[in-house]
Amino acid sequence: MRKTFGTGSVWEQTLGYSRAVQVDNTLFISATAASGPDGIVGDDFYSQTKYILEKLGAVLADAGFSYGDVVQSKLYLTDISKWEDAGRAHGEVFGEIRPTLSLVHVLPILDPEMLVEIELVAQKSA
C-alpha cells in the first residue's frame, strides 16, 4: 500500500513531491522548515525546531501516526555550532521515545531565514 499526504503547499506541486508518503506501516516525511502562513516562524534554532516539530506532529496525526512511532529523525542545521539549541527542542519531544538521530550541517537552505529543516521516518508495529 502506498499513500501520499500533502499540506497544500505550492512547493509540493511545483517540485513534484509529497509532504509524507506511507508505504505499508512506514511513513516517510519530507524535510520540513519553519515556514508558516506569514513567513518563517522563529529567528533562532530552538524556536524553529520547536515549530517544525509541532508541524510534523500534525503531519503524523493526519496519517494516523504519532511521535511515539518515529524511528528516525534528521535535523539539517545551517550552523552546526547551534546543535544544542536545536537538540534541546528535539529532546523535549523525543526524550522518552529516543528515535535514531542525525545532525547534519548544511549550506543555507532555500530561504536564508530558514535555519533548520527536519525529516522524519515513523513506523507502526506490525
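Two strands pair if DSSP finds at least two bridges between them. Helices (H or I, at least four residues) and strands (E, at least two) are DSSP runs, numbered from the N terminus.

The model is predicted: local features need pLDDT of at least 70, side-chain atom pairs count only at pLDDT 80 or more, and totals for chains, interfaces and linings use all residues. Residues are numbered from 1 along each chain as its sequence is written, and side-chain values use heavy atoms, with hydrogens and water left out.

**Exercise 1. Find how strand 2 and strand 3 are joined.**

Step 1. Locate strand 2 at residues 20-23 and strand 3 at residues 26-33.
Step 2. Four bridges join them, and they run antiparallel.
Step 3. Take Gln22: Leu27 in strand 3 stands opposite.

**Exercise 2. Give the strand order of the open sheet and explain its edges.**

Step 1. Six strands follow the order 1-2-3-8-6-7, with mixed pairing.
Step 2. Strand 1 (2-5) and strand 7 (100-105) each have a single partner strand, so one side of each lacks a neighbour in the sheet.
Step 3. From one strand to the next, the twist averages 10° (angles run from 0 to 180 degrees between N-to-C directions, with axes as lines fitted to C-alpha atoms, for helices over the stretch in contact).

**Exercise 3. Describe the salt bridge of Arg19.**

Step 1. The whole structure holds one salt bridge (a side-chain nitrogen of Lys or Arg within 4 Å of a carboxyl oxygen of Asp or Glu).
Step 2. The side chain of Arg19 meets that of Glu12, 4.0 Å from N to O.
Step 3. Glu12 is buried, with a relative accessible area of 9%.

Key. Buried means under 20% relative accessible area, exposed over 50%, partly exposed in between (1.4 Å probe, protein chains only).
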